[in-house]
Amino acid sequence: AITIYVEQDNGERVPVEAPTDMGLSVMEILKASEYDIPAICGGMAICATCHVEVLESGELPEPSDDEAFMLESLPHATETSRLSCQLRVTPELDGLVVRLMPEA
Ligand code: FES
């Protein structure tokens with residue numbers, strides 16, 4: 001398992017353990033922990049209610065065209081915004097730090 005951190009409003013980074021061998025997305029990990037993000041499209045990259053800002057990471061896979069298109073339409077998106085449903089939990093994501101965004 002790897003550790004993903006969620007930065008709180010007070011700057012505290014709270015760890016979440018994430019297994020890498022189950023094909024889960026970061027959205028699914030957040031949802032299964034204390035973060036009750038809506039993710040209403042269930043991971044189809046069409047609702048943006050799983051929007052996170054990536055604060056620290058290693059190399060991440062590039063967003064797909066669908067994800068990039070959706071991110072461009074979001075009022076709160078930043079240069080490092082991602083749809084967490086499109087981020088697969090892999091060993092490379094260890095130490096990822098995200099912040100939940102207003103759409104989430
Ligand atoms: Fe809908 Fe990620 S869950 S875009």
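How many residues sit between β1 and β2 in their hairpin, and which turn residue has a positive phi? Five residues lie between the two strands, and G11 in the turn is the one to click, with a positive phi of about 90°.

A word on the model before moving on. Residues are numbered from 1 along each chain as its sequence is written. The model is predicted, so local features need pLDDT of at least 70 and side-chain atom pairs count only at pLDDT 80 or more, while totals for chains, interfaces and linings use all residues.

Now select the strands (DSSP E runs of at least two residues; helices are H or I runs of at least four, all numbered from the N terminus). β1 pairs with β2 (residues 13-18) in the antiparallel sense over six bridges; pairing takes at least two DSSP bridges between the strands. Pick Y5 and you'll find its bridge partner in β2, P15.

Next stop is I2, in strand β1. I2 counts as partly exposed because it has 17 C-beta neighbours inside 10 Å; 20 or more would be buried and 12 or fewer exposed, with C-beta atoms placed from the backbone. Beyond four places in sequence, I2 is in contact (C-beta atoms within 7 Å) with A18, T20, V89, P91, L93 and D94.

Of its 21 residues, I4, V26, M27, I29 and C50 touch the most other members. β1 (2-7) and α1 (26-32) each supply at least two residues, and α1 gives the largest share, four. Select I29 to see contacts with I4, V16, A18, L24 and V89, leaving out residues up to four places away in sequence.

Terms used: Core = buried A, V, L, I, M, F, W, Y, C linked by C-beta atoms within 7 Å. Contact = placed C-beta atoms within 7 Å.
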